[in-house]
Amino acid sequence: MTSLSSGEGRAGPSQIARPSSTSGSTLADLTACVRRTNGILPPPLVGCSLTLIGDNVYLFGGRLVPTRTMVSTLYTLSLRTLTWTLLWPPTVSEANGVPPPSTPAGPDPRYFHSAEAWGNKIVVFGGEGYSAVAEGESVDNVPLRTLGDICIWDTEKNEWDLRQPTCAEGVDPPAPRYAHLGPPQEKSLLIIMGGQDIRNTYLHSVNVLDLDSMTWIRVGKWERHIGTYRAVATTSNWTVVPSSNPKGSMAGSLSSPTKSVRSIAESTASSKAASSRPTTPSPLASSLLASEESTTENDLGLGKGEGLIQLSYSQRPSSANPEPILIFSNFNFTQVRRDLDLLSAPAPPNYPLDTFSLSNNMAGLQLPPGLRFPTGTIVGRHLLIFGTYLSHAVNNFSVWALDLGKAGPAGIPDLIKSGETLSWSRVDPGSVLSRGSWNRALGWKNSVVIIGDRERDIATDYDHRQTNFVHVAFIDLEAFGIYQPPPQPLPPLAQSFGLLTLSQPFLADFELICSDGKRLGCSRKLLEDRWPWFKNKLDDFKNRAKGILAAQKKNQTSQAEAEASAMATATASPVEGPPPTPSSRSSNSRSSTELRLTPRTLNLPEPSPVIQGFLQYLYTLTLCTPLQLSLPVLSALLVFAKTYEEPNLRALVVHALHEALSSGQWTAATVYEAATLGGSTALQIRALRIMMAGPRAGSKSKPSHSEGPTESGRHRLVT
């Protein structure tokens, strides 16, 4: 018997560092931290733009605070290393430190422009800049003008594209403007809204630019005053598909938190035995081509009456149904008036710009105060608004979240028709933002990134409209239940096919042996393709086997040479047939050795329900069965994902546990225990917040102690 052993896996992907707990810290303090940036720091600026592409923030333009000189510099900040880098203008050659012979053309200096992400490019429009400046002339006395040009920066080529767009028939270009809104679009469209002209008069046009053809294709009208001082427009790059369960209830799978993994194994033993009973199978092609309706629960390896459960998930918007644009504005900061509008995203062929007012549908125990220069983003089913709040008593940077319902922005019309409201809540990061001058915020993955200087005063900097770039604050939104649901790689029909394949014993060529002695059949090829840990261990096993084969071959060669030498010197004697040659003996021995060393089973120190749930994940790439979504199995799968370094499985389990938290407070204690064992800090904080919301919150049921690894955590691959 050949075995392969390994120790326990390392922790999963690194997360935002947490401040150490002190006697004066609160639970909210665990959701945020502050870090100092490094590299070539930009100077304090007024009216600059910040654009997020991937893990990098791009800072363009602005006006220098000390000299009041406008610039066209471009910096980038890596959110992984917190290092600032100057990209434009090019100063010296990286190869020899010599300045370039000529600087390529770049955009004019400007501030209060818009800069939106378009794939790997940044599209800059408008702003306020200088009139024509003669060479060598000082800009101190040069009059200002509003700009209406387009400048595109390619983040891969590191160069500007200054080509100007044309206009479709009957469409006028937008008037030059500054302090306008430019909501980002996933598709190749740029929308310009509102803003002011050189006389500070508000403009009311809405213009649409097709970036692929560089053509202005649509113009509309916006009735109210709108601009960056008091409004923000944003849209989502993801569509949230709400959870559904056509054959059962997810709540039913989450309704037994005290049931252990062992009891789940006993309750499902009969159904597993029925699904593994030898039968005369039809051809695989016929099984996969059969309609989903004709497939029974037993065919999928599920218990009687059980069906597939679909958690909410994210998918890219289609061209025919893009995500709408949400426009939030606030006026009269002493007696705040808040407006929220939904603008249909322009889509071919007519590119409509229909507006739907949501101002009367906002509610909440607390509502956002007047926020100056607000910015925003959409994460999952929440609209996030960031901005500066100034009052006689408090001056700080505030973060607010609006729950848009289970289907996110696209589901708002149906939500309003059903009579429901949109609820506001404050994201409280504790003492992290209580001091310092925090100026601009961006949404990055499931976090908020806020840029500023923790040593300055926010009221003083606001008076000068100054933005600082010394420190970065990170707020983990997942601790507040705000996150982007993971995508679903396979549609429900493909998930059914996967479970059908898993339930067919004749398709299994490998077995996983569980800690309770049960053997679960599966495809070794699928394990190699979808389980990186298994593939790495199998490769190590094959390398060791090759070493053993090489050593055996060397011994056999030496033995064959010795036999040949003995036969050559021995006296000839009559034989009935030719003796086997050394090469034939070596070939037969090598083939039998290779067959004997091929791994057939893998011992895992987890009980069978956990391993069965993991196999169902590998075959469907999601969590869709009642077994997977039972709380004890979810808790064990979270630890399993951490041990075996499965980030996709970990994200799905954390998402399912978040939805379990949303279904009722009675699961909070169990989820808290699972999050603690699985190392999910954000989930742990959210569960603890729910438990602390009431005197007995989370205490209606005792935490279940699901069975985990019963051995030392070592794994054996045997033949």
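## Burial and overall architecture

A residue counts as buried when its relative accessible area is under 20%, as exposed when the value is over 50%, and as partly exposed in between. These classes are applied below to a predicted model.

The protein chain contains 15 helices and 35 strands. Of its 719 residues, 49% are buried. The chain exposes about 33600 Å², and carbon and sulfur atoms supply 52% of that area. Among contacts with a separation of 6 or more, 65% join residues 24 or more positions apart.

## The pair F112 and F373

The structure holds 22 aromatic pairs. One of them is formed by F112 and F373, whose rings are stacked, with 6.3 Å from centre to centre and 20° between the planes. F112 belongs to the loop between β8 (83-88) and β9 (114-118), whereas F373 belongs to strand β24 (residues 372-379), so the pair ties together parts that lie 261 residues apart in sequence.

The two partners fall on either side of the burial cut-off of 20%. F112 has a relative accessibility of 19% and therefore counts as buried. F373, at 25%, counts as partly exposed.

## The pair F614 and F640

A further aromatic pair, formed by F614 and F640, is tilted, with 4.5 Å from centre to centre and 50° between the planes. F614 is placed in helix α11 (residues 608-620) and F640 in helix α12 (residues 631-643); the pair links distant parts of the chain, 26 residues apart.

## An aromatic cluster

Which residues do ring pairs link into a cluster with F614 and F640? The cluster also takes in F510, W531, W533, F534, Y617 and Y644.

## Arginine side chains over aromatic rings

Aromatic rings also take part in arrangements with arginine. R316 lies over the face of W238, at 3.8 Å from the ring centre. In another such arrangement, R465 lies over the face of Y462, at 4.5 Å from the ring centre.

Key:
Residues are numbered from 1 along each chain as its sequence is written. This is a predicted model: local features need pLDDT of at least 70, side-chain atom pairs count only at pLDDT 80 or more; totals for chains, interfaces and linings use all residues. Side-chain values use heavy atoms; hydrogens and water are left out. Helices (H or I, at least four residues) and strands (E, at least two) are DSSP runs, numbered from the N terminus. Buried means under 20% relative accessible area, exposed over 50%, partly exposed in between (1.4 Å probe, protein chains only). Contact means heavy atoms within 4.5 Å. Accessible areas come from the Shrake-Rupley method with a 1.4 Å probe; for residues, only the protein chains shown count as cover. Rings of Phe, Tyr and Trp (its six-membered ring) pair if their centres lie within 6.5 Å; planes under 30 degrees apart count as stacked, over 60 as edge-to-face and the rest as tilted. A charge sits over a ring if NZ of Lys or CZ of Arg is within 6 Å of the ring centre and within 35 degrees of the ring normal.
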